[in-house]
Amino acid sequence: MIVGAQWGDEGKGKVTDLMAERADSIVRFQGGNNAGHTIIRGDEVFKLHLVPSGILHPGTTCVIGNGVVIDPGVLIGELDELRRRGIDTLGLKISANAHLIMPYHLLLDSEGEAQLGELKIGTTKRGIGPCYADKASRLGIRVQDLLDEKILRKKIMTAMEPKRQMLRPFSRDPMLDLHTMTEAYLTFGHRLEPHIADTAALVWNDLQAGKDVVFEGAQGALLDIDHGTYPFVTSSNPIAGAACIGAGVGPTAIDDVWGIAKAYTTRVGSGPFPSEQFDDVADRIRDVGHEFGTTTGRPRRIGWLDLVAMKYASRLNGLTGLCITKLDVLSGIDPLRVAVSYRTADGAEFSEFPYHQSVLHHATADYVEMPGWQEDITGARSLDDLPEACRNYLDYISESLGVPIVLIGVGPERSQVILLGDRAAELA
Ligand code: IMP
């Protein structure tokens, strides 16, 4: 299992892409097209939001599990683009039980943010929150509903009814017309039908046959709706336990949980970020690391590596391995700082991630300083190729979290990695 150990955008797509070569199936289990993966293959750049990155590997089954929320227009757009570029997309399977993002979810997301004003969450405005809200309210439209016109029309009508008041300003929007919407979604249904399946059964069959299944999380632990920096979180659970629900497998099926973290920290959207920096170093990291959102293009907020937050993420996920990505971005920054505890305005110190939102909102980080390195490390392929300061930085992270490092990213290309340990060695 691959999960984000920070606030998302850790480089999960690249790690999954590496695993996809050996895996029999790749399964997404939560989130939607609020996520975004950029995969670089030689001169080609693929930007995917819904389709698991394994699609680039012929023969790998790619599953969009029941826990994902799907904007069918976006999904079809991605499939069209992949086909245009010669990629076979028949290996994509979509859970019949996954919920659909509807046009009114997009409007409600934007409206909700506008009404919150300064308190806005900074969502990706893709309708994710309102879609999960409808799922919990038992007003959701599911993928299987696309295959039955009568059911679809009735469900859309029922789902729109309680939203009438909030949607009043958009009453003339043709996409909100019941007939237009039903027709549009039926057309999506025709297009997606060959991909619709009982995905939990597919995954079960693969596991029973001893095949390799990779579960690919979206976002990160600190954006988890239960354990993250609520209310500045996404509306699903990006932590490892959620894969069981969002894919329909039992916890005993999971052998390994790898947490992905950048060598520094980023966050998009609002909310607490104790190790955030606003100086030249932050600007440099943003520029060198191309830290702009894959989905929204927003500049990401930048901070030092935060071991308090990562220790928390490690515990919530039960991490068995750590992948540190974008280590090359830190070359030339000296000294480096690593957050090891938080402090509140009245001087209280927290070595563990505080559960109380007002503590967290006013917390600043305390740091240890570590020597940086000047060398370009993008060509490193083993630990021995890394400067001593770089190895010390990695050792410090691993020892502080008590989790072994299994993969180090030293550049955007899929070959620019250092693989450690037995399971990672299998990827070489
Ligand atoms: P939503 O998921 O669009 O509702 O946005 C809720 C919060 O999660 C906002 O702060 C978003 O910026 C953040 N978020 C959602 N998806 C991602 C992601 O893939 N990477 C980073 N942040 C994300």
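In the predicted model, helix α8 spans residues 199–208, and its buried residues are Thr199, Val203 and Asp206. These residues cover an arc of only 60 degrees around the axis, so they lie on the same side of α8. An α-helix has 3.6 residues a turn, so residues three or four places apart point the same way. The cover over the buried residues of α8 includes the strands β2 (25–28), β5 (61–64), β7 (92–95), β9 (196–197) and β10 (213–216). Gly210 follows α8. The phi of Gly210 is positive, near 75 degrees.

A helix pair was examined next. Two packed helices are described by the angle between their axes and the distance between the axes. The axes of α2 (residues 72–84) and α7 (residues 178–192) come within 10 Å. They cross at roughly 40 degrees, and α2 and α7 are therefore oblique to each other. The crossing of α2 past α7 is left-handed. On the α2 side, the contact is made by Pro72, Gly73, Leu75, Ile76, Leu79, Asp80 and Arg83. Their partners in α7 are Tyr185, Phe188, Arg191 and Leu192. Seven residues of this contact are nonpolar, one is polar and three are charged.

The loop between α4 (128–136) and α5 (149–160) holds Asp145. Asp145 has a relative accessible area of 5%. Buried means under 20%, so Asp145 is buried. Apart from neighbours within four places in sequence, Asp145 contacts Gly140, Ile151, Leu152 and Lys155.

Note on methods
Residues are numbered from 1 along each chain as its sequence is written. This is a predicted model: local features need pLDDT of at least 70, side-chain atom pairs count only at pLDDT 80 or more; totals for chains, interfaces and linings use all residues. Side-chain values use heavy atoms; hydrogens and water are left out. Buried means under 20% relative accessible area, exposed over 50%, partly exposed in between (1.4 Å probe, protein chains only). Helices (H or I, at least four residues) and strands (E, at least two) are DSSP runs, numbered from the N terminus. The arc is that of the directions from the helix axis to the C-beta atoms. Contact means heavy atoms within 4.5 Å. Axes are lines fitted to C-alpha atoms, for helices over the stretch in contact, and angles run from 0 to 180 degrees between N-to-C directions. Angles under 35 degrees count as roughly parallel, over 145 as roughly antiparallel, 65 to 115 as roughly perpendicular and the rest as oblique. A crossing is left-handed if the near helix is turned anticlockwise from the far one by less than a right angle, and right-handed if clockwise. Ala, Val, Leu, Ile, Met, Phe, Trp, Tyr, Cys and Pro count as nonpolar, Asp, Glu, Lys and Arg as charged, and the others, Gly among them, as polar.
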